Amino acid sequence: MSAHDPSAGFEELAMPLFDSLYNFAHWLTQNRDEAEDLVQETYAKALKGFGTFQPGTNFRAWIYRILRNTFLTSRTGLAASRTVPLEPEDDQEQTLAVSTETPESILLREAGQQQVQAALERVPVIYREVLLLCDVEEMSYQEIADTLAVPIGTVMSRLYRARKALRAALAGKMREARHA
Amino acid sequence: MPDAWQPKIDPYLDSELSADEMRGMDAHLRECPSCASDALRRLQLKRATRLAGQRYAPSAQFRSRIEKQVAKKSHAVRRWAWVPALVAPVLLLAAVVTVGRWYESYRSQQVLAELADLHVADLASPTPVDVVSSDRHTVKPWFQGKLPFTFDLPELTGTGYTLVGGRVAYLQHEPGAHLLFDVRAHHISVFIFRDTPDIERGFPARDSRGRVLSFNVESWTHGGLRYFAFSDANPEAVEGLCSLLKQAGA
């Protein structure tokens, strides 16, 4: 990266992430226009701040962090964070106990993709984002920790709660479908 | 009943354990039906989340807007700004190519995830194969009348690989062979299906290698059939068996 042209290389790093950034933004905002605004603002901020990006560090985590921080300060993001019932995030907590809920195998066999998507929409945004980063974007725990600016232990406990919330939402969707 | 391995199942499926722990978990899952079925349930949820999460695609207009925004600031001089009439068809072509590639990748991920489920489910099953024999002359004829194709198996004596047996598997409603081999303490699943247009679209390359959920995977085609090998064994061990199968005419 040349010192005199800090934006050189930005396009090559940032544009391949465009589709996944948009998908992530749309899942966060649940609205096409807001997702577009969020992605556009993210690219503008990232381009402006690219001079501070340290070559050799994780660009994907860096630009996802910008997108997420931008979302959190938006009207929708502020509303979402106010309405999320935050449980204590004790990193030492034994969070991965055995689930006694209905087995996923039964739920998933009965549920179609649309029902899984509808269940994912119901998962609070703080858990939805960690599920998307881990299972859809296939980020490592370290990358997710860098993106969310939290310790790895918090990533693990949020993932546990996120999957538990998804299972519960999916079970709810299936119950609704049966009674419809 | 919960045990010391239970909390490690999610990190295992997320490929977040150390190499030693991954091997330890592999061994544990072969011995503990409770953890194996729990791992399978979690794997299915993870797979469903991945498929459901790939939901939203940006519009071509929005992509164009961002590309312009980035390019304008990234490059002081835009040499081709005088040919906007050319941009639209090029973008359209790029969008078509991108969508096509995304769809191919999506199809191949879907197929591999389905096969990973079959592999894990098989190992978790108390009866992983329906025909139990290390004799290829017993296993191959067993599939007669069950599959709309046939295949050849290599002689494995002295190779370090053992044929455990086989069963009929289904991929996208197509019947195929699921063969189980052992190499040292590891299992290798080999799936054989007809190379249908659906599968072919997901795997346009004749041969491919990679990793799916920490499994080493190798795939190839021969004689209108598509072969997939799945295992937690190292890539060389998987490759060794694949070479033997290919030499046998597979």
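Visitor: Does Ser189(B) count as buried or exposed, and in which strand does Ser189(B) lie?

Guide: In this predicted model, local features need pLDDT of at least 70, side-chain atom pairs count only at pLDDT 80 or more, and totals for chains, interfaces and linings use all residues. Residues are numbered from 1 along each chain as written, chains are lettered from A, and side-chain values use heavy atoms, leaving out hydrogens and water. Ser189(B) has 0% relative accessibility and therefore counts as buried (under 20% relative accessible area; exposed is over 50%, partly exposed in between; 1.4 Å probe, protein chains only). Its strand, a DSSP run of E with at least two residues, numbered from the N terminus, is S4 (residues 186-194) of chain B.

Visitor: Which side chain does a polar contact join to that of Ser189(B)?

Guide: A polar contact is a pair of N or O atoms within 3.5 Å; within protein, one must be able to donate a hydrogen and the other to accept it, and residues adjacent in sequence count only if both atoms are side-chain atoms. Ser189(B) has one such contact, of 2.8 Å, with the side chain of His178(B).

Visitor: How many bridges pair S6(B) with strand S7 (residues 225-231) of chain B?

Guide: Strands pair if DSSP finds at least two bridges between them. His222(B) has Leu225(B) as its bridge partner in S7(B). The two strands run antiparallel, and their bridges number 7.

Visitor: Which residue takes a positive phi in the hairpin of S6(B) and S7(B)?

Guide: The hairpin has 2 residues between its strands. The positive phi, near 55°, belongs to Gly223(B).

Terms used: Helix = DSSP H or I, 4+ residues; strand = E, 2+ residues; numbered from the N terminus.
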